Amino acid sequence: MASVKNERVQFKRELADGKSSVEPLTLTDLEAEDPTDESTQLISPRDLAQINFRSLIGHTDEVNTCSFSPDWSKVATGGDDSLVKLWDSKSGKVLFTLEEHQGAIKCVCFSHDGQLFASASYDHTVRVWNTMTGKQVYCLQGHTHSVETCCFSPDSQYLCSGSWDNSAVVWTLKSGTPAYVLSGHRNVIQTCAFSLDSKNVATGSWDCTVRIWSLGGKDVSVKCLKGHKSNVHATAFSTDHILASASWDMTIRLWDSKTGELMHILTGHTGWVQACSFNHTGELLVSASDDQTVRVWDTKTGKCIKELQCNTDEVHTCCFTPSGSLFASGPAEAETTICIY
């Protein structure tokens with residue numbers, strides 16, 4: 001496991017000095033705005049806030065990634081211990097521990113229908129699992145180096161994976177075979193995201209570029225978006241065709257995904273930006289950074305409208321819940337810390 005950590009250390013730096021003076025919102029603040037009803041069968045922010053992963057017998061090494069199912073009833077985690085775990089969100093109990101991978105887990109994600117989840121690993125594979133049974137559906141083999149990222153298409157027909165071999169592969173879930181191999185990046189592909197109509201996939205790379213691949217038919221067209229000064233670590237599409245790219249250059253860029261035109265550069269973070277996500281209308285974007293803050297942005301103006309402190313050393317995940325609340329999580333030694341705003 002030491003080799004995994006040593007490989008990562010060369011790409012890390014110390015977090016920026018100083019701390020934000022803003023205070024985090026409390027659960028009491030949140031409850032006044034939370035319309036979630038038990039009849040929706042969606043887990044509530046109160047339930048989420050009561051999850052304490054520290055108290056569970058779980059991972060034996062650093063947790064790298066976590067993802068909630070579409071109904072927020074389950075959460076998948078992956079770590080340097082090569083394990084994938086599926087948890088019940090409300091009880092905090094482990095449903096399945098999956099031991100098939102032979103290397104650190106770098107990414108986990110759920111299909112949009114919630115029936116499948118996937119894990120990407122340093123063992124060069126992506127594995128697709130049945131959410132209800134924990135059984136392996138596919139072991140996707142084809143990458144020649146560590147796999148850093150994976151995501152399902154919104155129609156749950158495809159899965160995209162990005163690797164240290166500088167390629168992305170779009171797999172068809174009907175057969176578990178490659179539908180497209182996307183080549184063009186000059187360095188590791190760190191992130192990938194499908195557009196909401198499943199017709200395009202964006203990839204972000206350590207070559208500081210974002211590429212938008214138009215899928216369909218035998219030919220794949222591509223737009224190369226340049227401007228970032230460091231690794232592109234996260235990408236996300238909005239409902240109105242805006243593409244966000246978050247980078248270790250401490251900025252987020254908003255692009256018109258149809259034209260490739262740059263719309264806004266979002267500045268304010270003082271550490272690497274690790275994650276970004278739109279709300280359901282596309283009017284708001286949330287970003288998470290190594291500066292221990294979560295920021296909320298107005299996508300029309302490009303202005304930061306809220307800055308929140310997260311009580312974890314690093315924030316690797318952020319998104320909006322169905323009720324409009326914010327969720328953020330960060331890893332530490334054998335634990336996952338979550339913040340709800």
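**A salt bridge and a core**

Modeller: The side chains of R295 and E307 meet in a salt bridge at 3.5 Å, N to O, where the term requires a side-chain nitrogen of Lys or Arg within 4 Å of a carboxyl oxygen of Asp or Glu. This is a predicted model, in which local features need pLDDT of at least 70 and side-chain atom pairs count only at pLDDT 80 or more, while totals for chains, interfaces and linings use all residues. Residues are numbered from 1 along each chain as its sequence is written, and side-chain values use heavy atoms, leaving out hydrogens and water.

Colleague: Which strands hold R295 and E307?

Modeller: Strands are DSSP runs of E with at least two residues, numbered from the N terminus. The two residues are twelve apart in sequence, so the pair ties together separate parts, with R295 in β23 and E307 in β24.

Colleague: Is R295 buried or exposed?

Modeller: Buried means under 20% relative accessible area, exposed over 50%, and partly exposed in between, using a 1.4 Å probe and protein chains only. The relative accessibility of R295 is 12%, so R295 counts as buried.

Colleague: How many residues are in the largest nonpolar core?

Modeller: Such a core is a set of buried Ala, Val, Leu, Ile, Met, Phe, Trp, Tyr and Cys residues joined through side-chain atoms within 4.5 Å. Strands β5, β6, β7, β8, β9 and β11 each supply at least two of its residues. Among the members that touch the most others are V126, C150 and F152, and the residues in this core number 16.

Methods
Helix = DSSP H or I, 4+ residues; strand = E, 2+ residues; numbered from the N terminus.
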